[in-house]
Amino acid sequence: MVIRSNAPDEDLKFRFPGMYVSDSLRHTDVDYSRVIIQRVLKNYDRSSAKMRRQRLGLPERGMCLLVQESISDDERHFAPAYTGVFSDVSDKALLLFNQASAPLESMQKPPRVKFWVNEYGKIDDSHNEFEADLAYRLRKLAQHLPKISGKGWEIEFVGKNDGTYVVQTTPIFKKGRAIISQTGENIFDAKEVIGTNEMIVHGILYLPQNKPSGHELEKLVEFDVNHPNYCLAAPHLVITNSSGGISLFDYIIGLSAVLDIGQRCDTPFAPHLAQFLREGRVAMNGKFNNGSALGNLCLELHERVIMSGKEDIMFGPHYSPTRLVIRADEISNQGYVALADGKVNEFVPIRSL
């Protein structure tokens, strides 16, 4: 069986997929079943989850469990033939096929392949007959689910030799296309875009290298509470949490945009992280233009970290009140970043704020 976390607060205020863990329970685990079930239940009391509920004013209701039969082609292991997600995020929907080798963690891993699906259920890019048929059926299913203003539907699925099974449906933030007008100098070369929106952010939080911990993490949370609507700029490994340790997005919720800069790995954002960012936010992977004042400042901070080999008050999280105009359209994969006031302000360590 699959023992899935099903907390009442996970999708309130804004969606936070992947905040709680799930687990599997095999017949050989019967002597440890209480331990496995308690492990899922106790996720509700994680410090980051409790902090999020307090900040959003959500009541303490406890954890529910969703117990499902495992969908597998292998009786001895939880190994579905395929797994994925259909996300109706804009004028088109995303169809992702995830890593079937990690079924419970597949939404936290980079997808194996991605397609855009139009309103008629047709895939834009090259595909095979199975992918085309599944895209059509999932589009029809999404269209028959209840209509919710401002929301689309996300449908998680797994499959084995006798067909495809829907394991979860969730309302998600849905926004129309954005027109990426060039009303100033674009200072960022975007390679990958997540989310669709137009915004002005009121400052930039820059994490040069490592993820904060201990007292520095407490200071980061304090910063996040007091600085709504800011842009996070950080290397890919810090944002995606692919190097392990804490996830920044367990603790910071006030950001409006993410710029994924430097140390790029050739892996896309995981579905859970991408959907978290699409909840009114945007993200771009790329780099600042050569010679841009903001890019030079970030590069200088990053090089000082590399030279020092450590992060102390001078090399930890830094903040600049520089305001940015940000426009993003995920379907066309276009991004635009410009200085809202035409000027760049210096970065200062958040410990000194």
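User: In which strand is the place of T170?
Analyst: This is a predicted model, in which local features need pLDDT of at least 70 and side-chain atom pairs count only at pLDDT 80 or more, whereas totals for chains, interfaces and linings use all residues. Residues are numbered from 1 along each chain as its sequence is written, and side-chain values use heavy atoms, with hydrogens and water left out. Helices (H or I, at least four residues) and strands (E, at least two) are DSSP runs numbered from the N terminus, and the place of T170 is in strand β8.

User: Is T170 buried or exposed?
Analyst: Buried stands for under 20% relative accessible area and exposed for over 50%, with partly exposed in between (1.4 Å probe, protein chains only). Because its relative accessibility is 4%, T170 counts as buried.

User: With which side chain does the side chain of T170 make a polar contact?
Analyst: A polar contact is a pair of N or O atoms within 3.5 Å; within protein, one must be able to donate a hydrogen and the other to accept it, and residues adjacent in sequence count only if both atoms are side-chain atoms. At 3.4 Å, the partner of the T170 side chain is the side chain of Q168.

User: Which backbone oxygen does the side chain of N186 reach?
Analyst: N186 lies in the loop between β8 (163-173) and β9 (188-194), and with a relative accessible area of 19% it is buried. At 3.3 Å, its side chain reaches the backbone oxygen of G335.

User: In the open sheet that holds β10, β16 and β17, what is the average twist from one strand to the next?
Analyst: Strands count as paired if DSSP finds at least two bridges between them, and here 3 strands form an antiparallel open sheet in the order β10-β16-β17. The edges are β10 (197-201) and β17 (334-339), each of which pairs on one side only. Axes are lines fitted to C-alpha atoms (for helices over the stretch in contact), with angles running from 0 to 180 degrees between N-to-C directions, and from one strand to the next the twist averages 10°.

User: Which residue in β16 is the bridge partner of E198?
Analyst: Strand β10 is joined to strand β16 (residues 324-329) by 5 bridges, and the two run antiparallel. Within β16, the bridge partner of E198 is R327.

User: How many residues of strand β13 are buried, and with which strands is β13 joined in the parallel sense?
Analyst: In strand β13 (residues 255-261), 7 of the 7 residues are buried, so the strand is largely enclosed by the rest of the structure.

User: What is the angle between the planes of F97 and F115?
Analyst: Rings of Phe, Tyr and Trp (its six-membered ring) pair if their centres lie within 6.5 Å, with planes under 30 degrees apart counted as stacked, over 60 as edge-to-face and the rest as tilted; the structure holds 12 such pairs. F97 in strand β5 (residues 93-97) and F115 in strand β6 (residues 113-117) are 18 residues apart, and both are buried, F97 at 2% and F115 at 4%. Their pair is edge-to-face, with 6.4 Å from centre to centre and an angle between the planes of 85°.

User: How far from the centre of the F276 ring is the charged end of R281?
Analyst: A charge sits over a ring if NZ of Lys or CZ of Arg is within 6 Å of the ring centre and within 35 degrees of the ring normal. F276 is one of the buried residues of α6. The charged end of R281 sits over the F276 ring, and its distance from the centre is 4.2 Å.

User: How many disulfides does a search of the whole structure find?
Analyst: A disulfide is taken as a pair of cysteine sulfur atoms within 2.5 Å. Among the cysteines, C64 is partly exposed at 36%, whereas C231 is buried at 0%. The number of disulfides found in the whole structure is 0.
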